[in-house]
Each structure stands twice: as structure tokens, then as C-alpha cells.
Amino acid sequence: MSPNPMTADGARRGEAGSAYILALVVLAILSIVGLSLAFITQSEMQVGSNERMTSRIFYSADSGIAVATANVLVAGDYRPKSYTLPEDGRLALRTSLGVEQRVNVSMIAPLYDGPCNLCEINNLGTYNDRAYRKMNHGVTSTAVRTAGGGSELLSQKTVAAQIEIQPWRPTIDTYLLVNDPAELAKVKF
């Protein structure tokens, strides 16, 4: 017995296009999954970029504290300083956009001047003038990243620190800037 051609064609005509609809549904689902993964990746890249900029600004402000400490220890310089940090990579693009990073360090203000634990050793020896002290200083460093020649603030971090130095021989420069209320107001804790 041979199959009826009408039944076979009729069955084929009812199935025609079902694979097309199934393929469209699968394609739509894969497109939605692909777009959502692209959106998640873009969001993660933005979060990573913001985290990198925030970390960079924080460490710039922290390096301002380290430079101020070195200036006091090596040169006895307590004055406030400002530094402009160079940009890395794609310098031409950042220069044309006016991106700049500055670190402003306050004066190093003496907070405590008292006898120190290590001074007895120094005061008994050849340093018999008892000039060595324990000194605590306060300093604040602010790092700012701007664009457009300084008109648009991109990021800012402030770091404040106390620095203890002992034994230390204070000089007149140690207390010179304390009499300036405008400079003293920049030191924050």
C-alpha cells in the first residue's frame, strides 16, 4: 500500500514555517542575552575606570604626605607646597582636553613638643645642650584631578596625617608658620 500523497503533503504544509518561528525565538533569546552581557561588561569597565581614578588620586594625596615628611627631615622645610603631576599615556589626548592633576600640601604644623624617650641617650652624650625633643606634626594633602583647564572637577581626595619625629632638634622655622591663621586653617584632622 502506497502512502496517500494528499496526506503527506497536507502534513508537510502544516509543519512548514515552524522551524522558522523556532529559529526566530532562539535568535531573539540569544540577542537579549548578548545585549545584557554587553551592558554588564560596559558597566564593569566604567566601575573599574572610576576605581582606578579614585585609587590614583588617593595615592597622589598620600605621596604628598611622604614628600612633605621628607622635606622636613632632609631640609627642615615646613612651608606648604603644590605639585603638578605628569599624565601617563595618551598625553596628547589628555593635554588637548586640559586634564591636570595637582597635589596641594599644607604646612607642617607642630602639634606637640615634649621630652622624648630617645632623647636621654643623646642628651647624655656630646649633644649635651638638651635641644632634642619629641615632635608631633600635622599635615594635610589634597589631590585634585580637573579637566578643561581646571574648570571641571573630575576627582578629589584629602589625606591628613600626624607625623611623630624623635629625637628632633626644633628650629625657629618649626614655629614660624603657626602664626599664620590662613595656613594653619588648611591643616585638618
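A salt bridge is a side-chain nitrogen of Lys or Arg within 4 Å of a carboxyl oxygen of Asp or Glu. With that in mind, let us look at this predicted model, which holds 3 salt bridges.

Start at D77, whose side chain meets that of K81 in a salt bridge, with 2.4 Å from N to O. D77 also has a salt bridge with R79, and here the N to O distance is 2.8 Å. Through these shared partners, D77, R79 and K81 are joined into one network. How open are its members to the surroundings? D77 counts as buried because its relative accessibility is 13%, under the 20% limit for that class. K81, at 22% relative accessibility, counts as partly exposed, while R79 is exposed, with a relative accessible area of 53%.

E164 itself is partly exposed, having a relative accessible area of 45%.

Finally, turn to the rings. The structure holds 1 aromatic pair, made by F58 and Y59. Is this pair stacked or edge-to-face? The ring centres of F58 and Y59 are 5.1 Å apart and their planes stand at 70 degrees, so the pair is edge-to-face. F58 is partly exposed, with a relative accessible area of 35%, whereas Y59 is exposed at 55%.

Note on methods. Residues are numbered from 1 along each chain as its sequence is written. This is a predicted model: local features need pLDDT of at least 70, side-chain atom pairs count only at pLDDT 80 or more; totals for chains, interfaces and linings use all residues. Side-chain values use heavy atoms; hydrogens and water are left out. Rings of Phe, Tyr and Trp (its six-membered ring) pair if their centres lie within 6.5 Å; planes under 30 degrees apart count as stacked, over 60 as edge-to-face and the rest as tilted. Buried means under 20% relative accessible area, exposed over 50%, partly exposed in between (1.4 Å probe, protein chains only).
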